[in-house]
Amino acid sequence: MVSLTESVVFAPESALPALGFVAGGIALGTVSGLVPGLHANNFALLLAAAAPQVPGPALFVGAAMLAAGVTHTFLDVVPTLALGVPDAAMAASALPGHRLVIAGRGREALRLSALGSALAVVLAVPLALPMTELMVAVYPMVRARLPLVLAGIVLFLIVTERSNPARVGGLLSFLLGAGLGWLTLDIEPSAPLASGGVLMPLFAGLFGAPVLIEAIDGAGVPEQADTAVTTPRRTIGLTAFVGTVSGAIVGYLPGVSAAVAATVTLPAVPNDDGARGFLVATSGVNTSNTIFALFALVALGSPRTGVLVALDSTGVPLDLPLLLAGVGLAAGVGFVFVPVIGDRYLRTVGRVDYTYLSVGVLCLLVVLAYLFSGFIGIGAFCASALIGLVPAMVGARRVHLMGVLMGPLMLGI
């Protein structure tokens with residue numbers, strides 16, 4: 001564990017090489033964020049496996065890994081909106097965000113997400129130190145009662161459904177997800193990629209495949225309207241703030257994803273349009289989580305995200321000034337890339353027959369499942385895809401499927 005006030009002295013003449021490494025990380029994070037269904041944790045493990053072969057100081061390699069992770073949290077909204085295939089962190093906003101695209105407001109949705117992520121970075125840096133001190137103080141108590149905390153969150157998600165049938169459906173979805181996690185999370189599959197795992201096929205099946213299956217006979221992405229953001233600035237700012245604070249919880253509490261945190265905290269913000277508020281809040285949680293998790297690693301010596309696990313495994317010196325500078329640069333680039341690349345992504349998808357596109361992306365997800373988890377991954381993907389269809393059938397939110405992680409943690413597995 002390292003003191004939050006300690007840092008490694010950074011020589012000015014190293015600025016240019018460090019900038020080059022961060023730029024490389026931004027490029028990798030851009031590519032990974034745009035690949036449908038590629039979970040940030042899987043990507044981080046690939047980076048960790050490749051890091052020892054990269055020539056250069058470990059600190060610069062670590063800055064590149066962190067920049068890649070931050071950029072990924074900005075860009076992963078693009079396939080979420082255009083195709084409905086989120087990484088797990090964007091699961092809560094997948095359906096609401098996709099509704100905006102179908103209504104022709106996809107370009108606005110991209111900008112709302114970029115604003116949510118960018119404001120989260122701006123707010124998280126000054127909040128990180130006091131939030132870290134608070135969480136360090138209460139963490140032992142929370143950790144000792146983690147199953148009860150998670151059970152309370154699950155109960156809240158269920159009772160806030162709109163109707164009794166939806167509440168029953170939410171409970172069913174949670175139990176199915178928890179059972180799937182109990183059966184699969186401890187599996188260590190033999191796969192072509194050494195840094196694989198079952199998370200990618202599980203999340204792609206639970207949150208991506210159902211949307212693609214439901215859209216096979218759909219009309220696809222319509223022409224998108226102008227870029228005007230209709231949500232008041234004050235609402236965006238407050239929603240981003242709540243998302244940022246929620247990111248601290250995600251950064252410290254095992255099993256609570258950005259999707260779950262955004263869903264729990266959304267009722268606390270003024271919001272006239274649930275889809276837009278959901279998008280800003282989830283994007284804020286998703287991005288600020290990386291910053292708070294970095295401080296959690298420094299303060300507690302315990303990594304909470306895939307990127308930080310990768311960073312920790314490579315023995316990177318925890319030089320907060322340099323690493324945070326890389327985060328800031330990656331955030332600035334990501335803020336620009338989301339609308340610039342996202343608009344083109346939406347236009348390209350809109351020109352393609354959606355039946356062929358949906359089938360093609362489903363095939364890509366199967367290939368990724370095999371690469372990361374072998375034939376076990378393909379089985380996990382198919383099983384999770386079937387379970388992923390349940391919430392829509394019973395009128396419940398898909399966020400209950402996060403039971404795939406929360407359920408086993410509640411049981412202490």
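# Questions on a predicted helical model

Me: Where does Leu 329 lie?
Reply: Leu 329 is in helix H14. A helix here is a DSSP run of H or I with at least four residues, a strand is a run of E with at least two, and numbering starts at the N terminus. This is a predicted model, in which local features need pLDDT of at least 70 and side-chain atom pairs count only at pLDDT 80 or more, while totals for chains, interfaces and linings use all residues. Residues are numbered from 1 along each chain as its sequence is written, and side-chain values use heavy atoms, with hydrogens and water left out.

Me: How many helices and strands does the protein have?
Reply: The protein has 17 helices and zero strands.

Me: Why is Leu 329 called partly exposed?
Reply: The relative accessibility of Leu 329 is 35%. Buried means under 20% relative accessible area, exposed means over 50%, and partly exposed is in between (1.4 Å probe, protein chains only). Leu 329 therefore counts as partly exposed.

Me: What does Leu 329 touch, leaving out residues up to four places away in sequence?
Reply: Leu 329 touches Leu 19, Val 22 and Ile 26, where contact means heavy atoms within 4.5 Å. The C-alpha atoms of Leu 329 and Val 70 are 9.6 Å apart, although 259 residues separate the two along the chain.

Me: How do you know that Val 336 and Thr 348 are partly exposed?
Reply: Each has a relative accessible area of 45%, so both count as partly exposed. The C-alpha atom of Val 336 is 9.9 Å from that of Ala 118, a residue 218 places away along the chain. For Thr 348 and Ala 82, the C-alpha distance is 9.4 Å and the sequence separation is 266 residues.

Me: Is Leu 81 buried or exposed, and what makes it so?
Reply: Leu 81 has a relative accessible area of 0%, so it is buried. Leu 81 lies in helix H4, residues 77-83. Leaving aside residues up to four places away in sequence, Leu 81 touches Gly 97, His 98, Val 101, Gly 106, Ala 109, Leu 110 and Leu 279. The C-alpha atoms of Leu 81 and Val 101, 20 residues apart along the chain, are separated by 6.5 Å.

Me: How many residues are in the largest nonpolar core, and what makes a core?
Reply: A nonpolar core is a set of buried Ala, Val, Leu, Ile, Met, Phe, Trp, Tyr and Cys residues joined through side-chain atoms within 4.5 Å. The largest has 82 residues, and Phe 74, Leu 308, Leu 311 and Val 349 have the most contacts inside it. Apart from it lies another core of 23 residues, including Phe 174 and Phe 203.

Me: Which residues of helix H13 are buried?
Reply: Gly 306, Val 307, Leu 308, Ala 310 and Leu 311 are buried in H13, residues 306-313. Just after H13, Gly 315 takes a positive phi of about 70°.

Me: Why are H8 and H17 called roughly perpendicular?
Reply: The axes of H8 (residues 164-184) and H17 (residues 403-410) come within 7 Å and cross at roughly 70°. Axes are lines fitted to C-alpha atoms, for helices over the stretch in contact, and angles run from 0 to 180 degrees between N-to-C directions. Angles under 35 degrees count as roughly parallel, over 145 as roughly antiparallel, 65 to 115 as roughly perpendicular and the rest as oblique. H8 and H17 are therefore roughly perpendicular to each other. By class, their contact has eight nonpolar, four polar and no charged residues. Here Ala, Val, Leu, Ile, Met, Phe, Trp, Tyr, Cys and Pro count as nonpolar, Asp, Glu, Lys and Arg as charged, and the others, Gly among them, as polar.

Me: What makes H6 and H10 oblique?
Reply: H6 (residues 106-144) and H10 (residues 233-252) pack at an angle of about 45°, with their axes 7 Å apart. H6 and H10 are therefore oblique to each other. Their contact has 16 nonpolar, four polar and no charged residues.

Me: Is the crossing of H6 and H10 left-handed or right-handed?
Reply: The crossing of H6 and H10 is right-handed. A crossing is left-handed if the near helix is turned anticlockwise from the far one by less than a right angle, and right-handed if clockwise. H1 also passes H3 in a right-handed crossing.
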